[in-house]
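Here's a quick briefing to read alongside the model. Take a look at the sequence and the fold, then work through the points below.

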Amino acid sequence: MSDPVRYEIKDGVAVLTIDNPPVNALSPAVWDAIDKGVQRAVADPAADAIVLIGSGGTFIAGADIKVFDVLKTPQDSMSRSAGTHALLRRMEDSTKPLVAAIHGNALGGGMEVAMSCHYRVATKDAKVGQPEVLLGIIPGAGGTQRLPRLAGAELALTMCTDGKPVAAPKAKAAGMIDEIVDGDLLSGAIAFGKKKAAAHETRKVREIAISADAVAKGLEACAKIRASLDKTARGLKAPFAVVDAVEAGLKDGFDKGSIRERELFSQCVVSTESKALRHLFFAEREVAKVPDVPKDTPTKAIKRAAVVGAGTMGGGIAMNYANAGIPVLLKEVDKAALDRGIATIRKNYEVTMSKGKMTAEQVEKTMALITPTTTYDGFDRVDIVTEAVFENMDLKKATFAELGTMTRPDCILASNSSTLDIDQFAQASGRPAQVCGHHYFSPANVMKLLEIVRGKETSPEVIATSLRLAKTLGKVGVVVGNCFGFVANRMLAYYMREAYLLLEEGASVQQIDNVLTDFGLPVGPYGMQDIAGIDVGARIRQYLKSIGKSRAEGPQSEIPDRLFDMGRYGQKTGAGWYTYDAPGSRNRTPDPLIEQLAEEAAKKRGIVRKPIANEEIVARITTALANEGARVLDEGFATRAGDIDVVYVYGFGFPRRTGGPMFYADTIGLPAVLARVNEYRARFGDYWQPAPLLERLVAEGRGFYSTRS
Ligand code: T1G
C-alpha cells in the first residue's frame with residue numbers, strides 16, 4: 001500500500017497530503033503517517049512551516065469507524081487513545097507553524113487533527129464538526145477539550161451534542177477557523193504558513209486560557225444543555241458523556257479533562273448503543289448497493305414528474321418533487337377532490353412557514369411547481385408518474401392501463417401501493433420494465449424512507465434511477481422484493497397481530513403504546529393507526545378476505561374492524577383507538593369502549609384477560625418482527641438484514657440506538673429469540689412458527705450479521 005500521507009516541500013513549506021480515499025478516514029496507518037510526516041517536517045531545514053491538506057474532495061472525515069469494532073473492552077480503547085492523545089500533543093508541540101488546510105469536511109477526528117494544528121484555513125464551503133454522538137461515541141482525540149478553548153463552551157457543547165457540522169464562515173466567526181481562502185486552498189495555506197513562520201508565531205490550542213468568567217458560563221451551559229438533553233436524548237448515553245467530558249475540562253483543566261474524555265469515550269465505544277449506531281451508519285450506505293444493479297448502471301434524468309391521486313399520500317408525494325425543484329402535475333378525478341388536495345398542500349407549507357422554515361415567497365415559488373389537473377394533458381412530457389390512488393387492485397390496474405397509453409415509453413410508472421402486487425400493475429401498463437413500487441410513508445413529505453419495490457420485469461435502469469431519485473428527494477431508498485406488504489408492511493402485520501392479541505389478553509391500548517414509546521418508538525401501534533387511519537387497514541383486510549388471504553397467520557382480532565364499522569377511523573374522525581378533542585385534533589384520551597371491546601373479543605376467543613408485563617409486550621413485538629424479518633431475508637425480498645433495519649428505522653422510527661429490529665435481535669442473541677418463538681408457540685399455538693433462517697443461524701452459532709452470535 002502506498003504511503004497514505006505524501007510529503008513534499010513547496011516554496012519553503014512542507015506539504016503533507018493525506019491520501020486515503022474515499023474520505024481520508026484516520027486509519028491507524030494514516031495516524032502514524034501524519035505523525036511521522038510532521039516530525040520529518042520539523043526536522044527538515046528546507047521547511048519553515050508545515051501544511052496538512054487532504055487529497056480528493058475532503059480534508060478528513062474522522063477516524064476510520066470500522067476500526068472501533070476491534071475494541072472489546074474500555075481498557076482496549078484506553079490504551080489506544082493514550083497513543084492518539086500523545087500523537088496530537090507532538091503535532092501541537094511542533095516548533096514550526098502547522099497549518100490545517102480544510103476543504104470538504106473536517107469531522108470528528110479530522111476536526112481534532114485540525115485543532116491540534118496551530119492554525120486552520122479553509123475554503124468558504126468547507127464544514128467542520130464533531131458528529132461522534134451520531135455514532136454513540138464522543139470526540140475521543142481531545143475534541144471535548146480543544147473545541148471549548150477555540151469556540152467557547154456553549155458552541156462546543158452544541159456541536160458535540162447535536163453532531164451537526166458548521167460552515168466555514170460561521171466557524172471563522174466563532175474562532176475555529178483563522179482564514180477563509182478564496183483562491184487555491186494550498187497556495188493560500190502555504191502563504192499563511194510562511195507569514196506565521198516569518199513572525200515566529202505558533203499557537204497551541206491546549207494552552208489557550210479559559211477565564212474564570214468563561215468557566216462559570218461554561219458550567220452553566222453544561223447544566224442547561226443537560227436539562228434539554230433529558231427531553232431530546234432520553235435513553236442515550238453519548239450526548240450526556242460529552243457534557244461530562246467538557247465539564248471536566250472546564251473544572252479541572254486540559255490534562256485531567258483529557259483523561260476524563262478518554263475514560264468516557266472508552267465506555268461509549270464498546271456500548272451496544274454505539275455498535276448499533278455504527279451498524280446503521282454502514283447499513284444506510286449499503287442499501288444503495290443492489291447486487292445486480294452496478295454503480296455505473298445508466299440512470300434517467302427526472303426533470304418533470306406527475307402524481308395521480310391528490311389524497312394525503314399523493315399530496316405529500318407531489319410536495320417532495322416540488323421541494324426538490326421538479327415541476328409536478330397533480331391529477332385528481334374531479335375539481336372538488338383536487339381543491340381539497342391542493343388546500344392540504346398549501347396548509348402544510350403554511351405550517352412550515354409559521355415555523356420560520358420557509359418564507360412566503362418560497363411557499364409561492366414551490367406551490368407554483370405543482371400543477372393541479374383533472375386530465376392527462378402533459379403526461380406525455382413527464383419522466384415519471386407516481387400512482388397514489390385508493391388501495392384497490394382493480395382501480396390501480398385501470399390507472400396503470402391508462403398510464404401505459406398516456407405517457408412516453410421511457411417514462412417510469414411507479415406505484416405508491418403499500419401492499420399490492422406490483423407485477424399486476426406492470427402487466428396492466430403494457431410495459432412492465434418501466435414499472436416499480438415507490439412506497440412512501442405517511443406523512444410522505446416528512447418520512448425519509450422510500451421503499452423501492454422491484455417487480456419481476458423492472459429494469460436495472462429503473463431501479464438505479466429510483467435510488468438516485470430517492471437521494472434527490474431527500475429520502476433513503478431501499479430496494480425490496482414484491483411480496484404482499486413488501487418488507488415494511490409485511491413485517492408490520494406481525495407487529496400489529498401481537499399488539500391486538502396483547503390487548504385481548506389484558507394489556508391496555510395506552511400501556512402498549514407507552515411501553516413501546518419508552519422503548520424508543522416515536523408512537524405506539526395504536527397511536528400510529530389513529531394517525532394513518534383505521535380505515536386504510538380495514539380496506540386492505542377486506543381486499544385480502546376477497547382473495548382468501550390474511551396479513552399474518554394466527555388469530556385475527558375483530559376489534560379494528562368493529563371500530564371501522566363504527567366509523568372510528570382515528571384522528572381524522574375524532575375517534576379511533578383513542579378519542580380526540582375534534583376530528584383532526586392530535587389531543588387524545590383513552591376510551592373505556594376499547595376495554596369493553598377487548599373483553600368481548602377475549603370472551604369470544606375463550607381467554608381470561610389478566611395483567612401483562614411490560615417486558616412481555618416488548619419481547620412479543622420485537623420477536624415477531626425479527627422472526628418475520630428472517631423469512632423476508634430468507635425468501636430474498638430483502639438483500640441484507642441491514643436493509644430491513646434501515647426500513648424500520650426510517651419508515652417507523654424504530655429506535656436508532658437499537659440498530660433496528662434485526663440488529664436488536666442479534667443483541668438479544670438469536671438463541672434467546674428462537675427460544676421465545678418456541679415458548680410462544682407452546683403458549684399460543686402453531687401460528688408461531690420459527691423462521692427456517694432463524695433456526696439455521698442458531699444451529700450454526702451465527703447471528704443475522706454472520707459470525708456475531
Ligand atoms: N470511517 C470509515 N468509512 C467512512 C467514514 C469514516 N469515518 N466516513 C465515510 N466513510 C465511507 C462510507 O462508508 C462510504 O463507503 C464512503 O466513505 C463515502 O461515504 C477520534 C472517534 C464525510 C459527510 O462521523 O458523515 O472521528 O459505501 O457515502 O455522502 O474523536 O461520509 O462507498 O464503501 O457517506 O459524500 C466521525 C462520517 C468518526 C463522519 C461524506 N466522523 N462520514 O458523505 O459519502 S468518529 C463521522 C460522513 C471519530 C474521533 C472520533 C460522511 C461524509 P462506501 P458517504 P458522502
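Asn24 is buried, with a relative accessible area of 1%, where buried means under 20%, exposed over 50% and partly exposed in between, using a 1.4 Å probe and protein chains only. Asn24 also has a positive phi, near 50°, in a residue other than glycine. This is a predicted model: local features need pLDDT of at least 70, side-chain atom pairs count only at pLDDT 80 or more, and totals for chains, interfaces and linings use all residues. Residues are numbered from 1 along each chain as its sequence is written, and side-chain values use heavy atoms, with hydrogens and water left out.

- As background, most residues other than glycine have a negative phi, and most peptide bonds are trans.
- Asn24 sits in the loop between β2 and α1; helices (H or I, at least four residues) and strands (E, at least two) are DSSP runs, numbered from the N terminus.
- That loop, between β2 (13-18) and α1 (28-43), also holds Pro22, and the peptide bond from Pro21 to Pro22 is cis, with omega near 5°.
- Asp11 is another non-glycine residue with a positive phi, near 55°, and its place is the loop between β1 (5-10) and β2.
- Is Asp11 buried or exposed? Asp11 is exposed, at a relative accessible area of 55%.
- Ser442 and Pro443 are joined by a cis peptide bond too, with omega about -5°; Pro443 is in the loop between β15 (435-440) and β16 (449-454).

**The ligand and its shell**

- There are 27 residues around the ligand, and Ala63, Gly109, Glu112, Arg285 and Lys289 come nearest; to be near, a residue needs one of its heavy atoms within 4 Å of the molecule or strand.
- By class, that shell has 16 nonpolar, five polar and six charged residues. Ala, Val, Leu, Ile, Met, Phe, Trp, Tyr, Cys and Pro count as nonpolar, Asp, Glu, Lys and Arg as charged, and the others, Gly among them, as polar.
- On the polar contact side (a pair of N or O atoms within 3.5 Å; within protein, one must be able to donate a hydrogen and the other to accept it, and residues adjacent in sequence count only if both atoms are side-chain atoms), a ligand nitrogen is 3.0 Å from a polar backbone atom of Ile65.
- A ligand oxygen is 2.9 Å from an N or O atom in the side chain of Glu132, and an oxygen of the ligand is 2.8 Å from a polar backbone atom of Gly140.
- The protein covers 74% of the 1,000 Å² of accessible area that the ligand has on its own, with areas from the Shrake-Rupley method and a 1.4 Å probe; for residues, only the protein chains shown count as cover.
- Elements giving two or more residues to the shell are β5 (105-107), α3 (109-116) and α10 (272-286). The largest share, three residues, comes from α10.

**The sheet**

- Six strands form an open sheet with mixed pairing, in the order β1-β2-β3-β4-β6-β9; two strands pair if DSSP finds at least two bridges between them.
- Its edge strands are β1 and β9 (179-180), each pairing on one side only.
- β2 and strand β3 (residues 49-54) run parallel, joined by six bridges. Leu16 has Leu52 as its bridge partner in β3.

**Helix α18**

- Which residues of helix α18 (residues 509-519) are buried? They are Val509, Gln511, Ile512, Asp513, Val515, Leu516 and Phe519.
- Just after α18, Gly520 takes a positive phi of about 125°.
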